[in-house]
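I opened the file to look up a few points of fold, packing and local geometry. My entries follow in the order I made them.

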Amino acid sequence: MTDSTTRGTPLRLGTRRSKLAVAQSGQVADAVRELTGRPVELVEITTYGDTSREQLARIGGTGVFVSALRDALLAGEIDFAVHSLKDLPTTQPDDLTLAAVPRRADPRDALIARDGLTFEELPDGARVGTGSPRRMAQLNAWARQLGRRIEAVPIRGNVDTRIAFVEQGELDGVVLAAAGLTRLGRISEATQLLSPDMVLPAPGQGALAVECAAVDADLAASLAGLDDPFTRAAVTAERSLLAALEAGCSAPVGALADLQAGEQAVTEMRLRGVVGTTDGSALVQLSTTGHVPASPDDATTPLRMGRELAAEMLAKGAAGLMGERAL
């Protein structure tokens, strides 16, 4: 047991230093203050993913934005951490607890293009910036369907940096997570929200993960008040698919679990997955449906859905489309 249960002592929330990370961590901090009555202070931590200028696929992708925060948790330098859930490796360490997955923001990708253009209106050969192989694969495939081509330009940097590429005329458009733009108050700059029918988001996109040390049971129990069981079920299914494909977060894998509401309650969940080559020449895209767990603690159905859909995708040739796994 740590001393984080001492009432009145500030809880230390670990966050990455980026403007987006601080914004979303600040929102969680406000919720924790309201939930617990405890003061919360942000502790900014620099991660390897923040300092490296290499493409995520080259530096491994998985965990590069997470490991420094987890190290700080285990060292007792912070009491809990907030991550973008899509950055979390699919294997949860035994000494850390995923205490809460708050209600998810919009999981879709957003296009910010010059002159207010939508993706369908971009000219042939348009230069579209993204650091994500998943986005490259699906955007290239979409362009092919439209009888055109795009040049997917690998970019890194924060939201301001990426949007500046368009404002300065270096790129015709950039694709970013809608949730990040919303949390920064910049969603109005999006010229199009991309339908998941055309571009599936990253597993867990739009969701946050609130993590603490497993030994701090009292804090974990308090933070659990932020948990949204439907969001947790959805991202569990998506991450189960990713894990079963044995793919990291830099692989060209998209997944989205939609919750289907009946007349009185949410009863069904549809899981869609996609894997593709980055040039968009080959995609494997499948879906499955299952019942939403009756209990928030029951992850059996989401885990099974992810594994079964992954098996179907691998049977259709998905393994050969993922650079990490195929090598």
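The entries below go from the whole chain to single residues.

**Ground rules.** I am working on a predicted model, where local features need pLDDT of at least 70, side-chain atom pairs count only at pLDDT 80 or more, and totals for chains, interfaces and linings use all residues. Residues are numbered from 1 along each chain as its sequence is written, and side-chain values use heavy atoms, with hydrogens and water left out.

**Whole chain.** I looked up the secondary structure and found eleven helices and 13 strands; helices (H or I, at least four residues) and strands (E, at least two) are DSSP runs, numbered from the N terminus. Of the 327 residues, 52% are buried, where buried means under 20% relative accessible area, exposed over 50%, and partly exposed in between, with a 1.4 Å probe and protein chains only. I then took the contacts (heavy atoms within 4.5 Å). Among those between residues at least 6 apart in sequence, 72% join residues at least 24 apart.

**S1 and S2.** I checked the pairing of strand S1 (residues 11-16) with strand S2 (residues 40-45), which is parallel over six bridges; a pair requires at least two bridges found by DSSP. Arg12 has Glu41 of S2 as its bridge partner. Between S1 and S2 the chain passes through helix H1 (residues 19-36), in a right-handed β-α-β crossover. Right-handed here means that, with the strands pointing away from the viewer, the path from the first strand over the helix to the second runs clockwise.

**H9 and H10.** I looked up helix H9 (residues 229-244) against helix H10 (residues 300-315): the angle is about 35° and the axes are 7 Å apart. The axes are lines fitted to C-alpha atoms over the stretch in contact, and angles run from 0 to 180 degrees between N-to-C directions. On the H9 side the contact includes Ala233, Thr236 and Leu241, and on the H10 side it includes Gly306, Arg307 and Met313.

**Asp115.** I found Asp115 in the loop between strand S5 (109-113) and strand S6 (126-129). Its phi is near 60°, a positive value in a residue other than glycine. Most residues other than glycine have a negative phi. Why do I list Asp115 as exposed? Because its relative accessibility is 67%.

**Glu268.** I located Glu268 in strand S12 (residues 266-276). Glu268 is listed as partly exposed because its relative accessible area is 27%. Not counting residues up to four places away in sequence, Glu268 touches Asp258, Leu259, Gln260, Thr289, Gly290, His291 and Val292. The C-alpha atoms of Glu268 and Ala257, eleven residues apart along the chain, are separated by 10.0 Å.
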